[in-house]
Amino acid sequence: TKGPLKAVAEKMVIYIDDKHAVLEGNIQLTRVPESDPLLDSREAKLKSDYTYMTADSLAYYEVSDQPYVSVTGNIRVWQTDKSVVADTAYYDGHNHTYGLVGEVKIEADSMDWLVDTDRKHAFSDDHARSAIEMAFILNTSEFEFDSSNRILTLSGFVEFLQSDKKV
C-alpha cells in the first residue's frame, strides 16, 4: 500500500489545472511508510520507515504525466538510521533520476540499505562484508541516482569516511 505524504509550509500555491504547486518557507514533509511486494529489497527497506524532509522551497510539476520536483535551501532528509543534507535536490520522473547538489552529506548507521539482500552473500571478502555493516559519512558536490539503470554517480569533491578508512 502507498502511504500518504503530509506537507506543511508557510505558503502553498497550487495551480490545479496546470498540475503545478509551489511550497515556500519552513517546509516540512513526512512520508508515511508504505509496502509494495514488487519493490526490490533496497527500495522496500527505504519505504518501510517514516521519511522526513525540511527545506526552504519546493516546486512540483507534471510534464507528460511524469512528476518533476525541485527542492532548494537548507535541505535535510532523514529516517531513523540515516540522514542527508544538500543545497538543492530534484526528482525527474521521466528519466527516473534523483539528484542532490551543493554541499551534500549523507550519514548512515550502515550501508545495509544500499546492497540488495540477494547479493549480500556474494561478498566473499570479510572486509567488504564488515564495511557494509559499518557507519559511514559520504561528502560530495553532486549525487545522482538513475533508478532505472541502478547507476549512482558522485561528482566533484567526493569523500567516503568510515571509522577505519577515508577514501
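Here comes a short tour, stop by stop.

Before you click, know that this is a predicted model: local features need pLDDT of at least 70, side-chain atom pairs count only at pLDDT 80 or more, and totals for chains, interfaces and linings use all residues. Residues are numbered from 1 along each chain as its sequence is written, and side-chain values use heavy atoms, with hydrogens and water left out.

**Stop 1: a surface patch.** Select Met-12, Ile-14 and Ile-16. Together they make a nonpolar patch on the surface, with about 340 Å² of accessible area (Shrake-Rupley method, 1.4 Å probe; for residues, only the protein chains shown count as cover). To join such a patch, a residue needs over 30% relative accessible area and no salt bridge; nonpolar side chains (Val, Leu, Ile, Met, Phe, Trp, Tyr) are joined within 5 Å, and like charges within 9 Å. Now zoom in on Ile-16, in the loop between β2 (11-15) and β3 (20-31). Helices (H or I, at least four residues) and strands (E, at least two) are DSSP runs, numbered from the N terminus. Is Ile-16 buried or exposed? It's exposed, at 70% relative accessible area. Buried means under 20%, exposed over 50%, and partly exposed in between (1.4 Å probe, protein chains only).

**Stop 2: a salt bridge.** Next, pick Lys-19 and Glu-62. Their side chains meet in a salt bridge, 3.7 Å from N to O (the cut-off: a side-chain nitrogen of Lys or Arg within 4 Å of a carboxyl oxygen of Asp or Glu). Lys-19 sits in the loop between β2 and β3 and Glu-62 in strand β4 (residues 51-63), so the pair ties together parts that are 43 residues apart in sequence. Lys-19 is partly exposed at 41%, and Glu-62 is too, at 28%.

**Stop 3: another pair.** How many salt bridges does the structure hold? The count is 7. One joins Arg-31 and Glu-34, at 3.9 Å from N to O. Arg-31 is buried at 19%, and Glu-34 is buried at 12%.

**Stop 4: a buried methionine.** Finally, select Met-134, in the loop between α3 (126-133) and β8 (136-146). Met-134 counts as buried, at 19% relative accessibility. Leaving out residues up to four places away in sequence, its contacts (heavy atoms within 4.5 Å) include Asp-109, Met-111 and Gln-162.
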